Amino acid sequence: MTEPLLAVAGLTKHFWTHRPFQRRSVIHALCGASFEMTAGQTLGVVGESGSGKTTLLRTVLGLHQPTAGTVVFDGDQVDYARRASKRAFWCRVGVVFQDPFSSLDPRLTVSDILREPLSVAGLSGPAEAALREALDEVQLPMTALRRFPHEFSGGQRQRIAIARALMLKPELIVLDEPVSSLDVTIQAEILELLNSIQRQTRTAYIFVSHDLAVVSETCDRVLVMFGGQIVEAGPTGQVVTEPQHPYTRELLAAVPSPDPPAERERIRWRRQSAIGSQERTWRLPPCPDSRR
Ligand SMILES: Nc1ncnc2c1ncn2[C@@H]1O[C@H](COP(=O)(O)OP(=O)(O)O)[C@@H](O)[C@H]1O
Ligand SMILES: [Mg+2]
């Protein structure tokens, strides 16, 4: 068996709400998430809005301090209480956020944006070759370096965000809804770009999306999330063809089919199972760490 690149065990994140004149209450945003992935693999994370996908990524990265659980990267456990341990982890993991309009600092040129990861890693000195290589990989010209983010379209901005994630030649890139804010043709371009980068570099991806159709096209394995919990996990083909959890079946029923008989059957099944009526016949087990 190959060693996992990333092994997450029992990862939990609770948020406490502080409202004036009200009792503090807890939000179980992530409950005991456990999964593993190997190098070069694409792991999809799918679930509706508010299911905890972004919290999972941010907690793995250490942008939220975990309430419980461990993350082991390439055999070493990440110690989120130690800056040096987090920094070493960040040097090996790239991040692309959903919205390329807010994730790029409008006051910085593309050159400065691409140099940011180098300074986080404490690397100084000439970076021309690294900049050229990253821009080549995302198919943008060197003239882009002197320009500002507002001079680019949404798709080009996402290319800049991907170039930034590639600067330190990471072994893993975490992508939080990387194509959700783009229109369909640009989505296809960016997905193809990510695919070709992966073929060349063998970088592993964690690909978050609310869209099961996109995930089933791009991912080797998939985690299905609902209410902060992973309700189903497995190879994408298996999850799509033989869904085990009723929520996965709901997600699949939400994807329209181009084949008319299959589409009629999908609509009939949706009506019959009263999907969308908000009345679910199943319940999630309580969060294992709900004492915290
Ligand atoms: N910083 C925060 N403080 C309080 N609650 C949060 C915070 N971040 C996320 N949440 C809550 O955690 C839950 C999961 O959110 P999120 O991970 O953003 O979902 P998703 O990315 O799947 O849409 C939501 O109920 C959200 O309101
Ligand atoms: Mg999100």
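In this short talk I will go through the overall build of the chain, its core, its strands and the surroundings of its ligand.

A word on conventions before we start: this is a predicted model, in which local features need pLDDT of at least 70 and side-chain atom pairs count only at pLDDT 80 or more, while totals for chains, interfaces and linings use all residues. Residues are numbered from 1 along each chain as its sequence is written, and chains are lettered from A and ligands numbered from 1 in the order in which they are written.

Let me begin with the whole chain. There are 10 helices and 10 strands, where helices (H or I, at least four residues) and strands (E, at least two) are DSSP runs numbered from the N terminus. The radius of gyration, taken over C-alpha atoms, is compared with a globule rule of 2.2 Å times the number of residues to the power 0.38; because a compact globule of 292 residues would come near 19 Å, the 20 Å of this chain agrees with that rule. The C-alpha trace spans about 60 × 50 × 50 Å along its principal axes.

We can now turn to the interior. A residue is called buried if 20 or more other C-beta atoms, placed from the backbone, lie within 10 Å of its own, exposed if 12 or fewer do, and partly exposed in between; by that count, 36% of the 292 residues are buried. A nonpolar core is a set of buried Ala, Val, Leu, Ile, Met, Phe, Trp, Tyr and Cys residues joined through C-beta atoms within 7 Å. Which members touch the most others in the largest such core? In that core of 66 residues they are Ile206 and Val224, and helix H5, residues 154-166, gives the most to the core, with six residues. Setting aside neighbours within four places in sequence, Ile206 is in contact (C-beta atoms, placed from the backbone, within 7 Å) with Leu43, Val45, Leu57, Leu172, Val174 and Leu175.

Strands count as paired if DSSP finds at least two bridges between them. Strand E3, residues 42-46, runs parallel to E9 and is joined to E9 by four bridges, with Val45 having Leu223 as its bridge partner. Strand E10, residues 229-235, runs antiparallel to E9 over six bridges, and in the hairpin that these two strands form, with two residues between them, Gly227 takes a positive phi near 55 degrees.

Elsewhere, an open sheet of four strands has the order E2-E1-E4-E5, with antiparallel pairing. Strands E2 (25-37) and E5 (76-77) stand at its edges with a single partner strand each, so one side of each has no neighbour in the sheet.

Finally, we come to ligand 1. The residues around ligand 1, that is, those with a C-beta atom, placed from the backbone, within 6 Å of the ligand, include Phe15, Ile27, Gly52, Lys53 and Thr54. The elements giving two or more residues to this shell are E2 and helix H1 (53-61), and H1 has the largest share, with three residues.

Technical notes
Contact = placed C-beta atoms within 7 Å.
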